[in-house]
Each structure stands twice: as structure tokens, then as C-alpha cells.
Amino acid sequence: MCNCGLGVPMNKKLLLTLVLFLIPLLSACASAPKAESPAETAEIATIALHSSLDLSQEGRQPILPQKYDKPFVAELLEKDSLVVGMLEEDRPPFFYHTGDGSMDGLDVEISLGIADTFGVKLVIDRTARSNQELYENLARGQYDMVASKFSMTPERAMGVSFSTPYVTLRQSFLVNKKLAAQYGVADYPYDHMRELGAVIGTVEGTSYESFVRRNFPEADIRVYEDIPSMVEAVVGEEVFAAVYDDLTFVQAIMKNYEVSLYTTIYTVEDLRDYICVAVADGSEDLLECINAYLMVNCYSYVLDDLIRDFPECF
């Protein structure tokens, strides 16, 4: 049962995700070029020279607005565009630039599919530099929707509405092995992380920053600008642990196997990170259409599915 941010019980079970399971995947992906940082667009382009998606939308057939009674959908059709908010920073396999100057990724695929369903132009707005900025921009009507590896949280649900999840990730801890041994933490980092002064890293403006502040109130919380800086802080013993999702930490290890020499991934089996499309309140009719699209097209990914379908991003 997911607690969804209501506070994690002290006796919550943590299952160690053994780094050894990554070895076959690393061997399979050995020929893929490695990027030092997923955030660097130029290096992302080297693993995806061409987009698999046709963003030109040639031959699209606009739908006449008067055929539909739902007000927001009719407005969308009348303006002939679907404006989607995505972060400025690439987040493969969800969205990233490619070598041909286009974009690719799961969120781009979903956004394009929804736009094509309506027969309208897809417009991707990537001016936001944080998830908080995405949230605020959506709430004031800058976008029609957000598809940006955007997590559903109770706090965000107070201001925007979420679709059914199309990706389910697991909340995870990346723990420094040397510091764990030093503090006598054998296989259960949660109790130590709740102690006064425990040093924990997270990324600014994400749902995980809120999670860490809520569940580890006595910790010394270090907030980093991006994921690579957070991972580097764990490897460099600046922090005991970092908190994010299993996808992020597996990507870090598969792109730089040396990370596994210094760290261990722990996943919280009964805490999920639900990735959803978000719309502004008042856009429930659009949300119904989005949910129908996601369900009909069977979008229900977990980590293994992302590795299978987007191997170039790992």
C-alpha cells in the first residue's frame, strides 16, 4: 500500500537492489556511447542520432470544434495547437534532443500522439528550469498540459489535476558504502537517515526534495541543482545518501559503472513514484481524453520496460 507522502513508518522494509543484476545489461549496452551527464544535450545526441518520431505532423487532419460539446477540448481545437510543458533540461528516456535537431522520448511520443488524436499542432514549451516552475506555469494557463517526467504528489494535486500514471517508478536511496560501514549501517539505511544530522542529498525543486524534508526532519539536507551533482556528492562522501527514483540511480550506474564501486541502491518496495500527465484545474474534459488515450494505447511502464524500449538512454 502506498503512503504517498503521508510519512514513512519507521519499520518500513527496504529491499537491497543488488548492483550485480546490472552486469548483463551493461554487457548488452557496452557498444552504446556513454555520456558523462544526461543533462548535456550534445552528448545525449550521440546516443540518438535521429528521432524515431515524426514531429512534422504532415498530413494531420484537424477536427471541427463544433463536433464536440466539451468546452476545453473545443477551445483546443479552435486554436489548433496543444501546448505541452517540458523541462529545459533533457531527461532521457522521457524527453531529449537528438542529433538531427529533433526530440525523442516517451513524453514526446505521448504528447505527439495526443496532439495527433485531436488533429492539432504540437507545441513544446521548454522554458521551465524546475518542476516547481512547470507547476506554476501550468496552474496559470501557460500550457495545456505537462508531460515532463512529472510526479503525482498530494501537494501538486491541490493546484493541478493528474492523469492515470503511465510510468511507475520506485523511490530509492543511493547510499555511500564507506560511510555506511563507518556508521554501522549494514542493510537498513532508513533508521540512520532519520537520525539528527544525517546528511542526505536531493535535487532542488523536485518532489523528492519535499519527500526528504517531510520524512527526514532531523537530517542535514543538501540540495543540489541537478542529478549528476547529487550522485557525485554520494560518490565523493559529501552525503551519506541521496533520495530519488530507481530509474535515475540505475542510469547513473549503467553510464558510469564506477559509481557502483562506491554506492549501493536501496529501493522502497511499497513507495511508488507515479509519473503522470498534468492539466490545470478546470480542464477535466481534456483530462478524460488524455486518460482514454493512455489506457487505449496501454501506457503502463516500469523500469524494465524503459530499459527495453529505450536502450540508447542507459
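What share of the 314 residues of the protein chain count as buried?

1. Overview. The answer is 54%. Buried means under 20% relative accessible area, exposed over 50%, and partly exposed in between (1.4 Å probe, protein chains only). This is a predicted model: local features need pLDDT of at least 70, side-chain atom pairs count only at pLDDT 80 or more, and totals for chains, interfaces and linings use all residues. Residues are numbered from 1 along each chain as its sequence is written, and side-chain values use heavy atoms, with hydrogens and water left out.

2. Make-up. The protein chain has 14 helices and 13 strands. Helices (H or I, at least four residues) and strands (E, at least two) are DSSP runs, numbered from the N terminus. Contact means heavy atoms within 4.5 Å. Of the contacts in the protein chain with a separation of 6 or more, 73% join residues 24 or more positions apart.

3. The core. The largest nonpolar core holds 97 residues. Such a core is a set of buried Ala, Val, Leu, Ile, Met, Phe, Trp, Tyr and Cys residues joined through side-chain atoms within 4.5 Å. L106, Y166 and L306 have the most contacts inside it. Helix α4 (residues 106-118) gives this core its largest share, seven residues. Leaving aside residues up to four places away in sequence, L106 touches P93, F94, Y166, V167, Y299, Y301, L306 and F310.

4. Strand β8. Eight of the ten residues of β8 (residues 167-176) are buried. Two strands pair if DSSP finds at least two bridges between them. β8 pairs with β12 (residues 263-275) in the antiparallel sense over nine bridges. There, R170 has R272 as its bridge partner. β8 also pairs with β11 (residues 241-245), again antiparallel, over five bridges.

5. Helix α5. In α5 (residues 131-139), the buried residues are N131, L134, Y135, N137 and L138. They pack against several elements, including β2 (81-87), β5 (121-128) and α6 (154-157). G141 follows α5 and has a positive phi, near 90°.

6. D104. Which side chain of opposite charge is nearest to D104? It is R126, 11 Å away. D104 is buried and has no salt bridge, that is, a side-chain nitrogen of Lys or Arg within 4 Å of a carboxyl oxygen of Asp or Glu. Lys and Arg count as positive and Asp and Glu as negative; His and the chain ends are not counted. D104 lies in strand β4 (residues 103-104). A polar atom of the D104 side chain lies 2.7 Å from the backbone nitrogen of S52. Among the residues that D104 touches are H50, S52, F94 and Y96.

Note on methods
A polar contact is a pair of N or O atoms within 3.5 Å; within protein, one must be able to donate a hydrogen and the other to accept it, and residues adjacent in sequence count only if both atoms are side-chain atoms.
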